[in-house]
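Morning, everyone. Please bring up the structure, and I'll walk you through one interface.

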Amino acid sequence: MYASKKASLKIDESYLMCKNGCRFYGNEEWEGYCSKCHRENSQKRRRKMPEADSIKDKQHQAQVTGFTKFEEKRRNKTKFFSFWKTPNAKGMYFVEGGKNEAFFGPETKEAEALQREYYYKLFKSVGPHIQIDIHKCISSFYKKMVSDADSPTTSIDDLSERTQHFYQIITKRMEDERIYSGVNSEIKEQLLDYAEKFAMTCLYRLLFCPASTIDEDKDLNIQKRIRQLNWVSAKHVDCRISETSAEVHDLVYSSITELLGMDSAKAPQDKLACVVRCCRNILQLMQKCVGGPASADEFLPALIFVVLKANPARLKSNINYVTRFCNANRLMSGEGGYYFTNLCCAVSFIENLTAESLNMPVEEFEEYMSGRIMPSNTWESALIMCESMHLMNENFLIFEELKNEHNIVVREAERLKEEVANFQDEIARKVEELRKDVCLELRPKKEPTEIDADDPLVADLPPPIRPQVVGNDVNYGRQMSPDTPEWHVMSTPDERLTSVNYDIDLSDLSGGDGSICEDNLTSIFHSLGWYQ
Amino acid sequence: MANRGGPGGRPNGTAQQQQGGGGGGRICQFKLVLLGESAVGKSSLVLRFVKGQFHEYQESTIGAAFLTQTLCLEDTTVKFEIWDTAGQERYHSLAPMYYRGAQAAIVVYDVTNQDTFGRAKTWVKELQRHASPNIVIALAGNKADLSNKRNVELDEAKAYAEENGLLFMETSAKTAVNVNEIFQEIGESIVGLFVLVVGIQICRSEQSRLNYVSKIVYSLWYRK
């Protein structure tokens with residue numbers, strides 16, 4: 001035993017010397033060379049390497065180190081999450097217990113949030129076994145994708161193919177497996193969406209604008225191109241946006257904001273949702289400008305205009321990412337698919353834009369593109385550089401409107417005045433006509449006679465005839481007594497009429513002719529259509 | 001069963017079939033593109049079909065660019081997804097992006113304008129060459145209510161449609177003449193085609209496939 005231990009400790013001295021044989025001691029860290037020889041060696045190697053190769057190597061190294069870092073982080077998170085995530089997981093069924101949360105790499109936090117959100121929205125109703133099954137599918141897909149993305153032979157198209165395959169597998173699984181038999185098709189769609197959202201959120205860093213593609217260059221190109229095209233106005237693309245209305249401005253801004261928001265969303269379907277919201281705003285604003293439902297004839301130019309004014313960051317990368325990794329069924333049909341197709345069309349139009357597509361002479365187009373001339377009325381100048389001018393323009397418009405309204409009011413007032421005059425004339429004319437037709441008999445106003453007054457005429461009258469009592473009629477006294485109700489019936493109508501006030505002012509109707517007899521008055525009113 | 005995209009490939013351009021929940025009826029979803037020069041009344045045609053409106057727009061109708069409408073044929077419910085395209089000449093080159101994967105297309109022209117008929121012909125040619133091979137193409141001569149200003153003769157268009165195997169109708173979005181009819185006819189022919197394709201897929205052996213096709217051809221022959 002002792003002998004064997006001694007033997008293991010015994011190392012040949014030549015093993016410790018520098019490989020170059022410079023009689024200095026070498027070190028394993030310096031690949032068996034002494035420090036001096038190692039430095040020389042590595043310098044020589046660096047000089048030998050061709051320029052392109054070294055860049056590629058560096059990139060590869062960066063990718064690898066990036067990935068190892070990511071692995072490291074992942075490992076750290078495993079330790080970290082294992083003790084603080086468990087209370088949150090209470091009641092939620094995560095696959096493989098606590099290990100799972102940490103599994104999804106740098107996006108774990110977001111994945112967690114998603115899980116929590118969808119637990120209440122979706123999984124609570126469908127039950128734990130379905131949740132576990134879906135997560136199992138996702139995690140196996142995730143593992144495979146991470147290892148695939150690592151190997152240099154896999155192109156982005158392969159990854160896209162694999163992702164689409166994953167969606168199909170889940171769809172098929174939901175149709176075939178027994179545990180999904182009680183789930184209706186709407187929930188199945190939601191589950192599929194969830195799987196897509198979850199997996200893509202976790203894989204975002206690997207799949208969005210990967211270093212193996214030239215997406216980034218394309219992004220820069222289109223960005224530069226749009227910047228060059230900043231002089232293009234709504235009129236150039238045949239877009240009927242009224243640039244002065246405040247309401248339209250707000251809608252343009254909100255659609256620009258939505259389009260810019262696409263870059264910050266992670267799951268393809270969330271990016272798609274941003275596009276949909278942007279396009280709905282555009283439709284709304286076109287409806288305001290056109291005054292009816294906007295068709296594609298109006299919509300596409302407006303979208304092009306918005307894309308030109310928004311100049312969204314990483315536009316190409318975003319479009320490619322959605323095209324590659326969004327469920328193909330969602331992209332081929334539905335509202336989202338339609339709007340996304342339109343966005344692709346808009347981008348393609350901008351990329352291939354020529355003088356001809358703007359209906360302008362080539363020379364003018366070239367001059368604009370080179371920046372030698374600037375049109376006076378670009379969107380930017382209207383909005384940013386000359387904000388006050390713009391405001392003034394708007395105020396002018398308001399004034400114009402006010403002036404118009406004022407004119408209308410004046411005109412109406414004139415008309416009303418004329419009408420009143422006409423009306424007066426007409427009434428006078430009609431009354432005159434009626435007076436010709438109907439024979440008016442003007443009677444003096446009756447004065448109530450005062451019985452008790454001393455009338456000189458009364459003195460001339462013969463003394464009243466005294467009633468002669470012929471028989472002893474019992475009824476007589478009662479009948480004629482003013483206390484009985486029948487007394488009024490017996491009284492003359494003229495006496496009753498004394499209480500009616502004849503003092504109606506009709507001077508404006510009859511031309512100041514004084515009073516008119518009662519029965520004739522009614523007939524006049526009838527003929528004028530006043531009497532109701 | 002043609003379920004939504006078998007593992008064999010991406011489901012581009014295949015009609016989607018969903019088994020109705022126990023009701024027995026089929027539900028088919030189709031994508032239909034509208035092509036034609038601007039101002040021939042593409043969107044009016046769709047608005048008439050989907051909302052029954054013409055110039056009397058309700059507030060809720062914000063756009064006519066993308067609309068859906070469901071149509072019931074005998075035992076099948078057809079859901080149309082109608083994609084409008086920009087008709088201006090300058091956007092012509094973008095059209096393939098729209099009609100890619102479409103099961104049907106309506107090429108619209110204006111009966112009062114001979115130029116639009118010429119454009120319609122180029123659309124048809126392009127569709128036949130570049131769209132999916134079993135796309136159903138319909139030709140619609142819109143604004144038929146303005147027959148006193150007619151510049152494209154009915155017989156001329158009819159002959160052209162027959163020659164190219166297109167469905168053809170003269171429509172009027174204004175008076176609603178033939179609007180529902182043209183969509184109905186498109187629906188019927190896609191469903192017919194779809195049933196045929198699915199049937200062929202179901203048949204296992206070469207012989208049964210042959211029998212099936214001959215049966216269909218036979219029944220079609222006698223229906224005519």
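First, the ground rules. This is a predicted model, where local features need pLDDT of at least 70 and side-chain atom pairs pLDDT 80 or more, while totals for chains, interfaces and linings use all residues. Residues are numbered from 1 along each chain as its sequence is written, chains are lettered from A and ligands numbered from 1 in the order written, and side-chain values use heavy atoms, without hydrogens and water.

Now the interface. Contact, meaning heavy atoms within 4.5 Å, involves 41 residues from chain A and 40 residues from chain B. Together the chains bury about 3400 Å², with 56% of it on carbon and sulfur atoms. That is the accessible area (1.4 Å probe) lost on being put together, summed over both. On the chain A side, P293(A), M332(A) and Y338(A) lose the most area to chain B, together 20% of what that side buries.

How many salt bridges cross over? The rule finds one. D297(A) and K42(B) form a salt bridge through their side chains, at 3.6 Å, N to O. The cut-off is a Lys or Arg side-chain nitrogen within 4 Å of an Asp or Glu carboxyl oxygen.

K42(B) leads us to the helix. Helices here are DSSP runs (H or I, at least four residues), numbered from the N terminus. Helix α1 of chain B spans residues 42-51, and eight of its 10 residues are buried. Buried means under 20% relative accessible area (1.4 Å probe, protein chains only). Among them are K42(B), L45(B) and F49(B). After α1(B) comes G52(B), with a positive phi near 70°.

Technical notes. Buried area is the accessible area (1.4 Å probe) that two parts lose on being put together, summed over both. Buried means under 20% relative accessible area, exposed over 50%, partly exposed in between (1.4 Å probe, protein chains only). Helices (H or I, at least four residues) and strands (E, at least two) are DSSP runs, numbered from the N terminus.
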